[in-house]
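Hi,

Here is the structure I promised to send over. Have a look at it first, and my notes on side-chain contacts follow below.

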Amino acid sequence: PYIHAGLVRLDGIDPKGGVEFGMGRPLFATLSGQGPTRDADMLATLIRVQAIMFDRQERMLQAGVRKHVPTVAEPWIILPVDEYLTLTATIANPKIRKEVAQTMLSIITQGRATAITVVAAMQLAQKELVGSIRDMFPLQFCLKTTDPTQTLMALGSDAIERGAVPHLLPTKGQQGVAWFRDGGDDPIKLRLAEWTDGQVAELAA
């Protein structure tokens, strides 16, 4: 409802050509990651969002406030990124790859006060692949992992001793079960609802 009301804006990045987010396309103000200009388009999305962040910071400074309050004119911007690894490891052009990483880091570390949020999905959490940006996300959701190492990389070095065991989930029958962690708090076990393509399309209509 907040998207339809104009208080929330989605600027999506879907490197799989849009097939993951495409069913909900009407919900997105912009959706990049398709066609031969995919890499440049994804970077352009990040640069545009970063520019909005910088502009809001400047006006917040002038107004003497610490937090931007979303309005229809200046909504909360959510930047969903599917297959985040694509942005850090598979962009062929090194200049674009470096600029994507730098711009994303800027948004993640500074965006919160300006009502800009990055939601990144990744299948592998190794720092060698994702980079140091992995540790900049304050909130983590972790679905089933293949081994304890993946669990620790996703949720922190003390996650298992504090109750998070996604690596012990069975392959079938526990889809959607995940652990959520907010900073240094204890991980919380929960189950995410499954939305069918039809439900997403109905929501987006």
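**Aromatic pairs**

Let's start with Y84, which is buried, at a relative accessible area of 1%; buried here means under 20% relative accessible area, exposed means over 50%, and partly exposed lies in between (1.4 Å probe, protein chains only). Before going on, please note that this is a predicted model, where local features need pLDDT of at least 70 and side-chain atom pairs count only at pLDDT 80 or more, while totals for chains, interfaces and linings use all residues. Residues are numbered from 1 along each chain as its sequence is written, and side-chain values use heavy atoms, with hydrogens and water left out.

Searching the whole structure turns up three aromatic pairs. For these, rings of Phe, Tyr and Trp (its six-membered ring) must have centres within 6.5 Å; planes under 30 degrees apart are called stacked, over 60 edge-to-face, and the rest tilted. One of the pairs is Y84 with F137: the ring centres are 6.4 Å apart and the planes stand at 90 degrees, so this pair is edge-to-face. It links distant parts of the chain, with Y84 in the loop between β3 (76–81) and α3 (85–89) and F137, 53 residues apart from it, in the loop between α5 (127–130) and β5 (139–142). Helices (H or I, at least four residues) and strands (E, at least two) are DSSP runs, numbered from the N terminus. F137 is buried too, at 12% relative accessibility.

Another pair, F141 with F180, is tilted, with 4.9 Å from centre to centre and 40 degrees between the planes. Here strand β5 supplies F141 and strand β6 supplies F180, 39 residues apart. F180 counts as buried at 18%.

**Salt bridges**

How many salt bridges does the structure hold? There are 12, counting a side-chain nitrogen of Lys or Arg within 4 Å of a carboxyl oxygen of Asp or Glu.

- D158 and R181 form one, with their closest N and O atoms 2.8 Å apart. D158 sits in the loop between α6 (148–155) and β6 (177–182), and R181 in strand β6, 23 residues apart. R181 is buried, at 2% relative accessibility.
- K95 pairs with E99, the closest N and O atoms being 3.9 Å apart. Because they are four residues apart in helix α4 (residues 94–110), about one helical turn separates them. K95 is exposed at 60%, whereas E99 is partly exposed at 27%.
- D39 bridges to R38, at 2.9 Å between the closest N and O atoms, and D39 is buried at 18% relative accessibility.
- D55, R56, R59 and E74 are joined in a salt-bridge network.

Best wishes
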